[in-house]
Amino acid sequence: MTPIRSLDAPEASIRRFAHLVRTGVVDEPVGTARLGIDLGTANIVVSVVDDLDRPVAGGWVHSTVVRDGVVVDWAGATSAVRKLTADVQSRLGCTFTCASVSIPPGISEGDTKVFRNVAGAAGLDVTEVVDEPVAAARALDITDGCVIDVGHGTTGVSILRGGEVELSVDEATGGHHMTLVLAGAYRIGYDAAEAMKKNPARRDDVLGVIRPTLEKMASIAEAALAGHDTPMVYLVGGSSSFPNAPDVFATRLGRPVVRPVEPLFVTPLGIAMREPDHD
Ligand SMILES: Nc1ncnc2c1ncn2[C@@H]1O[C@H](COP(=O)(O)OP(=O)(O)OP(=O)(O)O)[C@@H](O)[C@H]1O
Ligand SMILES: [Mg+2]
């Protein structure tokens, strides 16, 4: 049985990274800094870690350049990556010539190449292409278990063994669908519903309305995990931020579910981190 590891150290790192992204503050790197790029459906996030894999800088921008795991706005993607990279460079006082990029697991070779080429067009050599759940696992310092990534466009369910993706399912239910449901329930526009969804002061008005969407995500995970012995489940991605999300998943899956602090920033942080030794 997989031992339950303490997430104290990874969570301190994730919390620090979230702070760096939100404030623009940078820490002094030890050794050479490494850059990671996460092209998501709702957000593009860049992460910088040092030789000790500690976060030292980050940046993000709202994005519409990726849909269904495919880059749909090439110019928008490259200019956002160029700008975010220039920004962390000037704050850190260094120049990046290479980066790691993440991809949704299971996308085609052609689509993978497009993710690579976005970094290339922004002037960066790609040193590693990391599956998103593998990046999340690095940030959480785990190599085995199930990573459920509830993003804006999709819910991704991946089983990891020895730090590699063994099985991955990605289905089109995410935060976008929660926003649509809220917009319909309150007869408001999409942008107003998106803001309402993330406003802690409106939480009581939101939780009941989005609960069926969370249940649907949990049932996607249940179907993906059927017949698999994965005792530990980790919940990441911005749409797992709701306070009731771990309970909804744990009830449906019949196993403990751990959601780290700042779930939106787990995968982006892990992209820049070094591949752990598996000995
Ligand atoms: N505090 C919050 N409460 C609820 N939802 C949130 C919160 N913060 C962010 N979100 C939602 O999380 C989603 C973005 O999460 P994330 O950045 O993980 O997605 P993404 O990586 O861009 O999408 P995908 O993985 O589907 O490509 C959006 O739907 C956003 O509304
Ligand atoms: Mg994502």
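## Helices H5 and H6

The axes of H5 and H6 come within 8 Å of each other and cross at roughly 110 degrees. Axes here are lines fitted to C-alpha atoms, for helices over the stretch in contact, and angles run from 0 to 180 degrees between N-to-C directions. The two helices, H5 and H6, are therefore roughly perpendicular. The classes are: under 35 degrees roughly parallel, over 145 roughly antiparallel, 65 to 115 roughly perpendicular, and the rest oblique. Helices (H or I, at least four residues) and strands (E, at least two) are DSSP runs, numbered from the N terminus.

H5 contributes Met178, Thr179, Leu182, Ala183 and Tyr186 to the contact, and H6 contributes Tyr190, Ala193, Glu194, Met196 and Lys197. Contact means that the C-beta atoms of two residues, placed from the backbone, lie within 7 Å. The contact of H5 with H6 holds 7 nonpolar, 1 polar and 2 charged residues. Ala, Val, Leu, Ile, Met, Phe, Trp, Tyr, Cys and Pro count as nonpolar, Asp, Glu, Lys and Arg as charged, and the others, Gly among them, as polar.

## Model and numbering

This is a predicted model: local features need pLDDT of at least 70, side-chain atom pairs count only at pLDDT 80 or more, and totals for chains, interfaces and linings use all residues. Residues are numbered from 1 along each chain as its sequence is written, while chains are lettered from A and ligands numbered from 1 in the order in which they are written.

## H5 against H7

H5 also packs on helix H7 (residues 203-225), at an angle of about 130 degrees and with the axes 9 Å apart. H5 and H7 are therefore oblique to each other. H5 passes H7 in a right-handed crossing. A crossing is right-handed if the near helix is turned clockwise from the far one by less than a right angle, and left-handed if anticlockwise.

On the H5 side the contact is made by His177, Met178, Val181, Leu182 and Ala185; on the H7 side, by Val206, Val209, Ile210 and Thr213. By class, this contact has 7 nonpolar, 2 polar and no charged residues.

## Around ligand 1

Ligand 1 is surrounded by 22 residues, and the closest are Gly40, Thr41, Gly151, Gly175 and Gly238. A residue counts as near if its C-beta atom, placed from the backbone, lies within 6 Å. Helix H5 (175-186) and helix H6 (190-198) are the elements that give two or more residues to this shell. H6 supplies the largest share, 3 residues. The shell has 4 nonpolar, 14 polar and 4 charged residues.

## The sheet E10-E9-E8-E11-E12

This open sheet has 5 strands in the order E10-E9-E8-E11-E12, with mixed pairing. Strand E10 (164-171) and strand E12 (257-258) stand at the edges with a single partner strand each, so one side of each has no neighbour in the sheet. Strands pair if DSSP finds at least two bridges between them.

Strand E9 (residues 155-161) pairs with E10 in the antiparallel sense over 7 bridges. Arg161 has Glu164 as its bridge partner in E10. E9 and E10 form a hairpin with 2 residues between them, and Gly162 in the turn has a positive phi of about 60 degrees. Strand E8 (residues 145-150) and strand E11 (residues 233-236) pair in the parallel sense over 4 bridges. Cys146 has Val233 as its bridge partner in E11. Helix H8 (residues 245-253) lies across E8, E11 and E12, and runs at about 145 degrees to E11.

## The sheet E3-E2-E1-E6-E7

This open sheet also has 5 strands and mixed pairing, in the order E3-E2-E1-E6-E7. Strand E3 (55-62) and strand E7 (125-131) are at the edges with a single partner strand each, so one side of each lacks a neighbour in the sheet. From one strand to the next, the twist averages 20 degrees.

Strand E1 (residues 34-39) and strand E6 (residues 98-103) pair in the parallel sense over 2 bridges. Ile37 has Val101 as its bridge partner in E6. H2 packs on the sheet and touches E1, strand E2 (43-49) and E3; its direction makes about 145 degrees with that of E3. Helix H4 (residues 132-140) packs on the sheet as well, touching E6 and E7, with its direction at about 90 degrees to that of E7.

## H2 against H3

Helix H2 (residues 74-92) packs with helix H3 (residues 109-121) at an angle of about 50 degrees, their axes 8 Å apart. H2 and H3 are therefore oblique to each other. Ala77, Thr78 and Val81 of H2 meet Val118, Ala119 and Ala121 of H3. These contact residues divide into 5 nonpolar, 1 polar and no charged.
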